[in-house]
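Subject: Structure handover

Hello,

I am passing this structure on to you, with notes on what turned up in it. Please have it open while you read.

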Amino acid sequence: MKIGIIGATGNAGSAIYKVAQQRGLDVTAIVRNAAKAREVLGADANVIEKNAFALTAGDLTKFDYVVNAFATPTAYQHIDLAAKLVRELRENKTTKIIFIIGASSLLKPDGTKLLDSLLQDENAANWIATPIEQAKELTFLKLIDNVEWLAVSPQANFVPGPAAEYQLGVDHLLFNAAGHSIVSTGTMAEALVDQIENPTVPVRTRFTVGDK
């Protein structure tokens with residue numbers, strides 16, 4: 001099993017890389033800075049140094065799975081990169097791509113979107129662009145029927161930390177035993193690699209992961 005991780009030096013991407021490596025999978029970091037990647041992931045890390053927006057079908061189809069853990073302060077680039085990757089993988093049936101999108105499109109227990117609550121925050125103007133664009137990213141992906149994609153959402157709180165026992169959902173926020181909507185990067189990594197090794201979620205759907 002060959003896995004490429006775009007943005008493998010970030011919190012989510014590095015956790016996924018390390019779990020895949022620990023399980024003996026053939027994993028490669030796709031990053032802008034190879035030196036930084038080896039500092040984060042280890043001197044022996046497999047690395048492709050390339051801007052994500054310069055990736056070609058030839059780069060992507062070397063892998064069974066590509067994980068898009070791309071993070072950027074420029075919010076609209078989430079959709080730009082999704083469109084780029086989809087274009088490169090049109091009609092390809094061998095490479096699956098997993099997009100890590102935000103939690104903003106998840107539904108609260110009352111049926112409203114988390115994004116609706118976020119928009120009411122009086123300080124939202126400082127950071128709301130990314131949740132808005134990530135919600136749009138899911139809307140875009142749902143239009144794509146000739147690429148083998150999955151989208152995964154974290155919870156309202158996505159924090160660095162080790163893996164815990166996890167639960168899966170579809171479109172609603174999940175809550176742990178203490179009533180918090182939270183997932184660690186370690187938990188997300190374990191759940192995502194589980195789906196790569198033993199898929200249970202249908203392609204072209206979104207799922208969500210939460211700590212129990």
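**Salt bridges around one arginine**

Glu 190 is partly exposed, at a relative accessible area of 25% (buried is under 20%, exposed over 50% and partly exposed in between, with a 1.4 Å probe and protein chains only). A word on the basis of these notes: the model is predicted, so local features need pLDDT of at least 70 and side-chain atom pairs count only at pLDDT 80 or more, while totals for chains, interfaces and linings use all residues. Residues are numbered from 1 along each chain as its sequence is written, and side-chain values use heavy atoms, with hydrogens and water left out.

Glu 190 forms a salt bridge with Arg 23, with 2.5 Å between the closest N and O atoms (a salt bridge is a side-chain nitrogen of Lys or Arg within 4 Å of a carboxyl oxygen of Asp or Glu). Glu 190 sits in helix 7 (residues 185–197) and Arg 23 in the loop between helix 1 (11–22) and strand 2 (26–31), so the bridge ties together parts 167 residues apart in sequence. Helices (H or I, at least four residues) and strands (E, at least two) are DSSP runs, numbered from the N terminus.

Arg 23 is itself partly exposed, at 28% relative accessibility. Its side chain also meets that of Asp 194 in a salt bridge, at 2.7 Å from N to O. Asp 194 is in helix 7, and this pair spans 171 residues. Asp 194 counts as partly exposed at 22%.

Glu 197 is another salt-bridge partner of Arg 23, the closest N and O atoms being 2.7 Å apart. Glu 197 is in helix 7 too, 174 residues from Arg 23, and is partly exposed with a relative accessible area of 31%. Together, Arg 23, Glu 190, Asp 194 and Glu 197 are linked in a network of salt bridges. The whole structure has 9 salt bridges.

**Pocket and cavity**

Points are joined across faces, edges and corners, and a volume is the space filled by probe spheres set on them.

The largest pocket holds about 910 Å³. It is lined by 40 residues, and the closest to its centre are Ala 69, Phe 70, Ala 71, Thr 72 and His 78. Among the elements that each supply at least two lining residues are helix 1, strand 2 and helix 4 (77–88). By class, the lining has 21 nonpolar, 16 polar and 3 charged residues (Ala, Val, Leu, Ile, Met, Phe, Trp, Tyr, Cys and Pro count as nonpolar, Asp, Glu, Lys and Arg as charged, and the others, Gly among them, as polar).

There is 1 cavity of 30 Å³ or more. The largest cavity has a volume of about 30 Å³ and is lined by Asn 68, Phe 70, His 78, Ile 100 and Glu 137.

**Asp 59**

Asp 59 lies in helix 3 (residues 57–60) and is buried, at 13% relative accessible area.

Regards

Terms used:
On a 1 Å grid over the protein atoms alone, a cavity is a set of points where a 1.4 Å probe fits but cannot get out, and a pocket is an open set with protein on both sides within 12 Å along at least five of seven lines; lining residues have an atom within 4 Å of a point.
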